[in-house]
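Here are my notes on the model you sent. Please read them with the structure open beside you.

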Amino acid sequence: MKKFRRPIRNYFLSKFVGMFLVGTLHAAVPSPRVVQFAHAIAQAEGFYVKGSIPNRCHNAGDLKGTNFPNQIGVCKGGHAKFQTDADGWAALYRQIEKIQDGTSTKYTNRATFRQVAKTYAQNYRPWLKIVSKMLEVGPDESLLEYFNKSRETYFTENFNFNEWGGEQWLTKM
């Protein structure tokens with residue numbers, strides 16, 4: 001009987017550890033909208049230009065400040081410096097997620113892209129043009145509309161109203 005107990009204990013222990021790891025990894029993955037917004041910001045800030053401040057500092061969002069996770073210092077102009085590009089991307093994703101969930105102290109999720117651009121970038125017009133074009137949004141669209149757009153599109157494009165008798169409800173309203 002003793003031989004039988006250890007494999008069961010090990011099985012449950014491995015399942016528990018597996019569930020913990022999967023849950024942790026799942027929580028660390030940003031949503032596709034956050035990733036798209038981050039890449040648009042990186043493009044507008046010049047991260048992909050070799051030798052630019054965001055590129056040299058591994059700071060895709062050209063973030064300024066001193067209290068980001070995995071920050072190793074400050075570059076010219078007060079821009080945060082990270083050891084790797086992955087650390088810089090993680091910091092940018094986290095800042096966008098704070099805007100999305102309403103916990104940002106600088107931006108509200110009800111702000112328009114134009115309002116964000118005026119606060120985020122010194123020369124906001126080209127920044128707004130690049131970000132708006134890459135995300136296919138209007139400059140006066142709110143961030144909340146942008147983050148919720150994928151859900152609305154899914155429900156309106158992929159739901160067959162006729163299959164459920166929905167056309168009757170639509171015509172009576």
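1. Start with the cysteines. Cys57 and Cys75 are both buried (buried is under 20% relative accessible area, exposed over 50%, partly exposed in between; 1.4 Å probe, protein chains only). A disulfide joins Cys57 to Cys75, with an S to S distance of 1.8 Å (a disulfide is a pair of cysteine sulfur atoms within 2.5 Å). The structure holds 1 disulfide. The pair links distant parts of the chain: Cys57 sits in the loop between α3 and β1 (71–74), and Cys75 in the loop between β1 and β2 (80–82), 18 residues apart. What is the handedness of the disulfide of Cys57 and Cys75? The torsion about its S-S bond is about -135°, so the disulfide is left-handed.

2. Now the basis. This is a predicted model: local features need pLDDT of at least 70, side-chain atom pairs count only at pLDDT 80 or more, and totals for chains, interfaces and linings use all residues. Residues are numbered from 1 along each chain as its sequence is written, and side-chain values use heavy atoms, leaving out hydrogens and water.

3. Confidence. The protein averages a pLDDT of 80, and 70% of the residues score at least 70 (pLDDT is the predictor's confidence in each residue, from 0 to 100). Residues 152–156 have pLDDT below 50; beyond near neighbours in sequence, this stretch has 2 contacts in the model (contact means heavy atoms within 4.5 Å). Over residues 163–173 pLDDT also stays under 50, and the model has 5 contacts for them beyond four places in sequence. Where pLDDT is low, the predicted coordinates should not be read in detail.

4. Overall layout. The protein has 8 helices and 2 strands (DSSP runs, numbered from the N terminus: helices are H or I, at least four residues; strands are E, at least two). Along the sequence the pattern is α-α-α-β-β-α-α-α-α-α. Of the 173 residues, 33% count as buried. Among contacts between residues at least 6 apart in sequence, 51% join residues at least 24 apart.

5. Helix α2. Buried residues in α2 include Arg33, Phe37, Ile41 and Glu45. Just after α2, Gly46 takes a positive phi of about 85°.

6. Aromatic pairs. A search of the whole structure finds 11 (rings of Phe, Tyr and Trp, its six-membered ring, pair if their centres lie within 6.5 Å; planes under 30 degrees apart count as stacked, over 60 as edge-to-face and the rest as tilted). The rings of Phe47 and Trp89 have centres 5.4 Å apart and planes at 80°, so the pair is edge-to-face. This pair links distant parts of the chain: Phe47 is in the loop between α2 and α3 (53–56), Trp89 in helix α4 (residues 85–101), 42 residues apart. Phe47 counts as buried at 6% relative accessibility, and Trp89 at 13%.

7. A further pair. Phe113 and Tyr146 are edge-to-face, 5.8 Å centre to centre with 80° between the planes. Phe113 lies in helix α5 (residues 113–120) and Tyr146 in helix α7 (residues 143–158), so the pair ties together parts 33 residues apart in sequence. Phe113 and Tyr146 are both buried. Ring pairs link Phe37, Phe113, Tyr146 and Phe147 into a cluster.
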